[in-house]
Amino acid sequence: MSDKRKMKKYKTIRTSNKAIKSVICNNCGRESVLDTPGNYNTDDEFESFKIKFGYGSKHDGEKYFFDLCGNCLEKIFKSFKIPPEVQEYNIIDDYGE
Ligand SMILES: [Zn+2]
């Protein structure tokens, strides 16, 4: 089969893959450098947050992005009058959410 008869032709494109090198806690400023891309140092737990504020709220039309370390997250949870609702999840089912 000649090349002309193929339905799809492909060209090679360059892509740049980015991996997180370090993360800084927005609350306390502590930094964790990732020894292996994707893996934080074993005793450092960081979580990323994204808040999209709703219509009519104080931050209407804004999105906030920030990271918190495990220590700060625990302090925030303990400062709540009503603790957050906790649900167990299956890491495989939730992958990619
Ligand atoms: Zn922190």
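Along its sequence, the protein chain runs in the order β-β-β-β-α, with 4 strands and 1 helix. These elements are DSSP runs, numbered from the N terminus, in which a helix (H or I) has at least four residues and a strand (E) at least two. The model is a predicted one, in which local features need pLDDT of at least 70 and side-chain atom pairs count only at pLDDT 80 or more, while totals for chains, interfaces and linings use all residues. Residues are numbered from 1 along each chain as its sequence is written.

Of the 97 residues in the protein chain, 4% are classed as buried. Burial rests on C-beta atoms placed from the backbone: a residue is buried with 20 or more others within 10 Å of its own, exposed with 12 or fewer, and partly exposed in between. As for contacts between residues at least 6 apart in sequence, 32% join residues at least 24 apart; a contact requires C-beta atoms, placed from the backbone, to lie within 7 Å.

Phe49 belongs to strand E3. Phe49 is exposed because 11 other C-beta atoms lie within 10 Å. Beyond its neighbours within four places in sequence, Phe49 contacts Phe66 and Leu68. The C-alpha atoms of Phe49 and Leu68 are 8.0 Å apart, across a separation of 19 residues in sequence.

Asp60 lies in the loop that runs between strand E3 (46-52) and strand E4 (63-69). Asp60 counts as exposed because it has 9 C-beta neighbours inside 10 Å. When residues up to four places away in sequence are set aside, Asp60 touches Phe53 and Tyr55.

Conventions:
Contact = placed C-beta atoms within 7 Å.
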